[in-house]
Amino acid sequence: MTAGTIEQTRRLVTELPGPKSRELALRRKAAVSHAVSVGMEVYIDRAEGAILVDVDGNQLIDLGSGIAVASVGHADPRVVAAVTEQVARFTHTCFMVTPYQGYVELCEKLAELTPGTHEKRSALFNSGAEAVENAVKIARAHTGRTAVIAFDHAYHGRTNLTMALTAKVMPYKAGFGPFAPEIYRVPMAYPYRWPTGPENCADEAFAEFTSRVHVQVGEENVAAVLVEPIQGEGGFIVPAAGFLARVAQWCRDFGIVFIADEIQTGFCRTGDWFACDREGIVPDVITTAKALGGGMPIAAVTGRAEIMDAPVVGGLGGTYGGNPVSCAAALAAIETMTQGGLVDRARRIGTEIDHRLRELSAQFPQIGDIRGRGAMMAMELVRPDGSKTPDAVLTKAILAGCARRGLVALGCGTYGNVIRLLPPLVIEFSLLAEALDILAESVAEATA
Ligand SMILES: *Cc1c(COP(=O)(O)O)cnc(C)c1O
């Protein structure tokens with residue numbers, strides 16, 4: 001398949017899901033563990049830009065990007081060419097056995113693009129969870145301490161250590177314990193739900209944070225503070241302005257490693273290369289994945305050289321970490337982000353979405369909050385009585401309306417009441433406008 005063959009328009013030729021998808025759904029139920037859930041049971045045959053084509057020939061608008069992965073768009077020509085070329089050259093040697101240039105080159109790029117001008121090193125892995133696990137290993141090796149501080153509403157993955165770091169039990173942790181020890185949870189500066197109001201949120205959340213750590217953990221025992229600069233799965237919660245910078249400074253005061261989990265926010269998504277850039281925060285260590293690989297699985301831990309070099313030689317690695325095909329894809333994706341001006345595009349997408357969501361929220365009191373940054377925007381749905389009671393049922397109904405109309409959108413949030421929009425950053429603005437019309441129709445229908 002060559003680039004430019006899928007017209008960037010929505011087109012429904014059957015009801016959704018269509019007959020071929022329904023047939024595959026039956027096969028899935030018989031063959032795939034029911035513990036792996038499916039958001040919208042439409043089976044995809046191919047994709048390009050911001051359009052997914054299903055097995056029945058329907059063309060859907062993608063506002064999920066496979067959870068913030070396809071930021072450069074599906075089948076980005078640079079990524080396709082780089083992957084194709086690399087597959088034909090070699091697919092695997094294991095970097096720890098016989099290395100290759102792509103791995104080194106990607107680590108150089110990560111040093112250049114991530115916040116801060118200090119000397120940096122990186123290590124590459126396969127998934128976000130694996131990157132987070134390794135960031136914690138590195139922080140512990142560097143500090144000789146064990147405790148890790150994580151936040152309410154945090155999501156860091158599904159492996160044993162990252163389940164412990166993740167806040168929400170259903171569905172991520174239910175029945176899967178015992179969990180890794182030495183994880184301590186503190187409140188997030190969540191403006192919309194801060195008990196004394198958003199204006200007090202940053203100050204009070206920071207006071208609560210320092211007091212809890214001091215009393216319950218002891219600063220001298222803390223290896224790392226781990227935080228998503230904008231929380232993803234937890235509901236696109238943007239911490240109150242100034243909160244993160246104060247936490248980062250506090251970490252410096254106590255020799256604690258400040259780890260920014262930018263797996264969802266990183267690589268242009270928020271209208272900056274990294275979400276930390278906006279407030280001038282320089283994390284000691286940053287984890288990236290998702291958009292990094294342009295659709296191929298790859299993850300990275302990047303940090304201060306002295307921290308990254310602290311574990312024993314041979315202490316980090318893995319058979320597939322920094323796979324050559326994934327490295328080629330990542331280098332190509334980064335090239336598209338740079339050449340395509342995707343930082344700027346993410347900002348324009350954000351302005352467009354924000355404008356439309358604000359119009360909608362003026363009409364529908366069920367939209368309690370609109371938040372996010374750049375092309376990472378969300379709305380939180382509540383009962384229309386001023387109580388801010390989360391409405392997960394309404395959220396599901398709106399998402400079902402979108403799905404029926406051929407729009408892929410995702411839910412999230414601790415209370416299951418947030419709709420998040422994560423379009424590919426290359427989406428055409430007319431297609432984005434159509435997607436937002438469909439969202440508006442679905443809100444109107446579900447609230448009627
Ligand atoms: C998705 C995500 C992870 C986990 O990444 P996987 O590749 O699914 O393991 C970790 N942290 C954040 C912030 C994420 O959004």
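How far apart do the C-alpha centres of domain 1 and domain 2 lie? The separation is 26 Å, where domain 1 comprises residues 19-62 + 344-447 and domain 2 comprises residues 79-339, the bounds being taken from an automatic or database domain assignment. The model is predicted, so that local features are required to have pLDDT of at least 70 and side-chain atom pairs are counted only at pLDDT 80 or more, whereas totals for chains, interfaces and linings use all residues. Residues are numbered from 1 along each chain as its sequence is written, and side-chain values use heavy atoms, with hydrogens and water left out.

The interface between the domains can be described by its contacts and by its area. In domain 1, 29 residues are in contact with 24 residues of domain 2, contact meaning heavy atoms within 4.5 Å. Between them the two domains bury about 2300 Å², 53% of it on carbon and sulfur atoms; buried area here is the accessible area (1.4 Å probe) that two parts lose on being put together, summed over both. Of the area that domain 1 buries against domain 2, R373, M376 and T414 supply 35%, more than any other three residues.

Three salt bridges span the interface of domain 1 and domain 2, a salt bridge being a side-chain nitrogen of Lys or Arg within 4 Å of a carboxyl oxygen of Asp or Glu. E380 and R193 form a salt bridge in which the closest N and O atoms are 2.6 Å apart.

Over the whole structure, the search finds 24 salt bridges. R28 and E41 are joined by a salt bridge between their side chains, at 2.4 Å from N to O. Because R28 lies in helix α1 (residues 19-31) and E41 in the loop between α1 and β1 (44-48), this pair ties together parts that are 13 residues apart in sequence.

Turning to the ligand, the residues that surround it include S127, G128, A129, Y155, H156, E228, D261 and K290, with a heavy atom within 4 Å as the criterion. A backbone N or O atom of G128 lies 2.7 Å from an oxygen atom of the ligand, and a polar side-chain atom of D261 lies 2.7 Å from a nitrogen atom of the ligand. For Y155, a backbone N or O atom lies 3.4 Å from a ligand nitrogen atom.

Finally, the backbone deserves a look. Most residues other than glycine have a negative phi, and most peptide bonds are trans. H153, although not a glycine, has a positive phi of about 70 degrees, and H153 is placed in the loop between β5 (147-151) and α6. The peptide bond from M170 to P171 is cis, with omega near 5 degrees, and P171 belongs to the loop between α6 (160-165) and β6 (183-186). The peptide bond from G177 to P178 is cis, with omega near 5 degrees, and P178 is likewise placed in the loop between α6 and β6.

Definitions and conventions:
Polar contact = N/O pair within 3.5 Å; in protein donor to acceptor, adjacent residues only side chain to side chain. Helix = DSSP H or I, 4+ residues; strand = E, 2+ residues; numbered from the N terminus.
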